Amino acid sequence: MRFVIVTGMSGAGKSVSLKMLEDIGFFCVDNLPPVLINKFAQICFSPDSGIDKVALGIDIRGGNLFTELLNEIKILENEGYELEVLFLDANDETLVKRFKETRRKHPLVSEGRIQYGIDKERKILEQAKKRANFIIDTSKLLTRELKSELVKIFLEGKKYENLIITVLSFGFKYGIPSDADLVFDVRFIPNPFYIPELKEKSGNDIEIKDYVLKWDVSNKFIDKLDDMINFLIPNYIQEGKNQLVIAIGCTGGKHRSVTLANELYNRLLKQDYSTNLYHRDIEKDSKLKN
C-alpha cells in the first residue's frame, strides 16, 4: 500500500497533482478533513479494500482542522501505518499571479491583499513542509514537467532529492535568463558561426557538436563545470533549495551553448537528480530571417 498525503500552498498545484496521480492509478480524495484521515486509512489498509495506492489532498481549506494534520500523521505512524507527504510549493510572485489570473480569493483572505494570505499560510504550513518526504516547487514548471516529476517519484520509484535541475542554453544578445542561479559564459570557445557550412546548423547537430568538442578548452571546461556542479548540488539540497537553473550562454544561443548544455545535461542524467534541458534561443536567428 502506498498512502500519500498531498498538501502545500494554495495555488501551487495540489488539485492538478491529484488528477495526475489519479491518472497513474492512485485512488484520490481531495479536501478530506485531517481528523478523518485515521478512519480512512483503516479502511484503505484493510485486506479486502482492493486499494493499493491512495492520495489524499489536505489543504488550508479545512480551516482550523488543518492544524490537526501533523497530529494525525503521528497517530498513524505510531499505529504502524507507512505514509508519505508530498508538499507543493511556489514562490510568492507566482502564487499572486496565479490567483489574479484565475480571479480567485485566497482561502485565508476574504478581503484585502493576496500577499497577506500567502504569508499567513506559509507560517501555518511551515511544520508540514519540514515533515514532507517530497517537496516540488512548481514556480517554473510546466504542467507536463510536473507530471514527469510525479511519475518519477510515484510510478518509476526513482530516488528524489527534492531538487529539480534545469540546464538552459541562451544567447547573451537576447539577455541573461532572469531565473538563472548559475550563469556560465562560453564565448571564449571558437565559434562555428563563422564557418559557412556550419553557420545554419545548431548544437543539436553532430557537425556542431564535433566542432565545439574538438577543442581542448571545451572539454576542460565541461569537465571542470561537471565537477563543480556535482560539488554544489548536495550542498544546495542540504540548504533546502528546490530548484537549480544552470544557464550556459554564447553569443546567439545556437551553437556553443547548446552543445555544452547538452553535454552537461547528459552527464547529470547519470545521477539520480531530476534534470530538464532547454534551449531558449536556438531558433531565434532563423525566425528573425523569416
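**Exercise 1.** Which residue of strand 9 stands opposite isoleucine 165?

*Solution.* Start at isoleucine 165 and look across to strand 9: the residue facing it is threonine 275. Keep in mind that this is a predicted model. Next, zoom out to the strands themselves: strand 6, residues 164-171, pairs with strand 9 in the parallel sense, over 6 bridges.

**Exercise 2.** Work out the strand order of the open sheet, then say which strands stand at the edges and why one side of each lacks a neighbour.

*Solution.* The open sheet has 4 strands, and their order reads 7-8-6-9, with parallel pairing. Now check the ends of that order: strand 7 (182-185) and strand 9 (274-279) are the edge strands, and each has a single partner strand, so one side of each has no neighbour in the sheet. Going from one strand to the next, the twist averages 15 degrees.

**Exercise 3.** Which strands does helix 9 touch, and what angle does its direction make with that of strand 7?

*Solution.* Pick out helix 9, residues 216-239, which packs on the sheet. Its contacts are with strand 6, strand 7 and strand 8 (243-250). Compare directions and you get about 175 degrees between helix 9 and strand 7.

**Exercise 4.** How many disulfides does a search of the whole structure find? Then decide: is cysteine 44 buried or exposed?

*Solution.* The search comes back with 0 disulfides. Take cysteine 44: the nearest cysteine sulfur belongs to cysteine 28 and lies 11 Å away, while a disulfide would need the sulfurs within 2.5 Å. For burial, the cut-off is under 20% relative accessible area. Cysteine 44 has 2%, so it is buried. Cysteine 250 also counts as buried, at 2% relative accessibility.

How values were computed:
Residues numbered from 1 in each chain as written. Predicted model: local features only at pLDDT ≥ 70, side-chain atom pairs only at ≥ 80, totals over all residues. Heavy atoms only, no water. Buried < 20%, exposed > 50% of the residue type's maximum accessible area, 1.4 Å probe, protein only. Pairing = 2+ DSSP bridges. Helix = DSSP H or I, 4+ residues; strand = E, 2+ residues; numbered from the N terminus. Axes fitted to C-alpha atoms, helices over the stretch in contact; angles between N-to-C directions. Contact = heavy atoms within 4.5 Å.
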